Amino acid sequence: MATGQKLMRAIRVFEFGGPEVLKLQSDVAVPIPKDHQVLIKVQACGVNPVDTYIRSGTHNIKPLLPYTPGFDVAGIIEAVGESVSAFKKGDRVFTTRTISGGYAEYALAADHTVYTLPEKLDFKQGAAIGIPYFTAYRALLHSACVKPGESVLVHGASGGVGIAACQIARAYGLKVLGTASTEEGQKIVLENGAHKVFNHKEANYIDKIKKSVGEKGVDVIIEMLANVNLSNDLNLLSHGGRVIVVGSRGTIEINPRDTMTKESSIKGVTLFSSTKEEFQQFAAALQAGMEIGWLRPVIGPQYLLEKATQAHENIIHSSGATGKMILLLN
């Protein structure tokens, strides 16, 4: 039977809305790779907050309906299109983006968004690399332009991007501080590169951070929840300090004067603003991290494909993230 005639299970979205618009279908045609494309038999797929924003229709990425969600998958190359020389059937890979969507048994991807998955990492870990590590690398090295010896506070450090940011920052010679709201989360943050961790549910945790860093303040803050923390962030910064906004779920009132005396800055980051060349640079650094061993994804909640609705509920409404949420296909 030709690949194009095969059917697969996939999550389909026919209208924007809440998690209930995620529909599992078992009669979706398996796509055929064209020029510079590969078809991946998906073993695991990362679930990211951005998936929920796109699904709700509130994100600037608005796919044509119906569509299948999911960017970062890990799996085995099933077939390659013409002009693909870097991969062959049977290769273990992960992606930073898919064309056809990752919440499915097979996913189509452009060959330049696909990377070799080393044997030392399993498919669950492979599905936790794409958006978290590439976003964290872009935030730290490209947006914040961190230098060895600087201090970085990772706000919400126990989730997928947070853990990635701690590991990368430690590997690049920074003093790493993290926040997490549970004992388990704090333990994970310390195990993955942070020198110190603080509980952001404690009323006086900001004072504890200030005491820890002294009068100089923090050079860089990687912010996952800017609508809650941005005003406090500006008071924690050093002279010339930078807040890099990776995530926000609403509005916040700040005093711009807080940026003036320290000549500090607030910069937003989104992974898909990266050029093809930047992705290649990030990938080279992260591949080295895999080889050397400092890039070690931590897996959090795991869901079967048919539980995608529950995964979307939990990624937004559960507090105290620990590790990267993934969907399992096999």
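So, which strand pairs with E5 in the antiparallel sense over three bridges, and where does that strand sit in the chain? Strand E7, residues 114-116, is the partner I have in mind, and the two strands run antiparallel. Before I go on, please remember that what you see is a predicted model.

Okay, let's stay with E5. This strand covers residues 92-95, and both of its faces are covered. Arg92 and Phe94 sit on one side, Val93 and Thr95 on the other, and all of them are buried. To find your way around, look for Ala74, which stands opposite Phe94 in E5. Over towards E7, the bridge partner of Thr95 is Val114.

Thr96 lies in the loop between E5 and strand E6, which spans 106-110. Is Thr96 buried or exposed? Its relative accessible area is 1%, so Thr96 is buried. And what does Thr96 touch, once we leave aside its neighbours within four places in sequence? Its contacts are Phe71, Thr113, Tyr115, Gly130, Ile131, Phe134, Phe272 and Phe279.

Several names in that list bring us to the rings. Searching the whole structure turns up nine aromatic pairs. Take Phe71 and Phe272: their ring centres are 5.0 Å apart and their planes meet at 35°, so this pair counts as tilted. The pair links distant parts of the chain, 201 residues apart. Phe71 is in the loop between helix H1 (49-56) and E4, while Phe272 is in the loop between strand E13 (265-268) and helix H9 (276-292). Phe71 has a relative accessibility of 9%, so it counts as buried. Phe272, with 24%, is partly exposed.

Then there's Tyr115 with Phe134, another tilted pair, with 5.4 Å from centre to centre and 35° between the planes. Tyr115 belongs to strand E7 and Phe134 to helix H3, residues 130-143, so this pair ties together parts that are 19 residues apart in sequence. Tyr115 is buried at 9% relative accessible area, and Phe134 is buried too, at 1%. Zoom out a bit and you get a cluster linked by ring pairs: Phe94, Tyr115, Phe134, Tyr137, Tyr172, Phe279, Phe282 and Trp294.

Let me turn to H1. In this helix, Val50, Asp51, Thr52, Ile54 and Arg55 are buried. What covers the buried residues of H1? The cover includes strand E2 (22-29), strand E3 (37-46), H3 and helix H10 (308-317). After H1 comes Gly57, with a positive phi near 85°.

Last stop, the second largest pocket. How much space lies in it? About 270 Å³. Of the 18 residues lining this pocket, Pro63, Tyr67, Thr68, Ile99 and Gly101 are the closest to its centre. By type, the lining divides into nine nonpolar, five polar and four charged residues.

Technical notes
Residues numbered from 1 in each chain as written. Predicted model: local features only at pLDDT ≥ 70, side-chain atom pairs only at ≥ 80, totals over all residues. Heavy atoms only, no water. 1 Å grid on protein atoms, 1.4 Å probe; cavity = no way out; pocket = protein on both sides within 12 Å on 5 of 7 lines; lining within 4 Å. Points joined across faces, edges and corners; volume = space filled by probe spheres on them. Nonpolar A, V, L, I, M, F, W, Y, C, P; charged D, E, K, R; others polar. Buried < 20%, exposed > 50% of the residue type's maximum accessible area, 1.4 Å probe, protein only. Helix = DSSP H or I, 4+ residues; strand = E, 2+ residues; numbered from the N terminus. Pairing = 2+ DSSP bridges. Contact = heavy atoms within 4.5 Å. Phe/Tyr/Trp six-rings, centres within 6.5 Å; stacked < 30°, edge-to-face > 60°.
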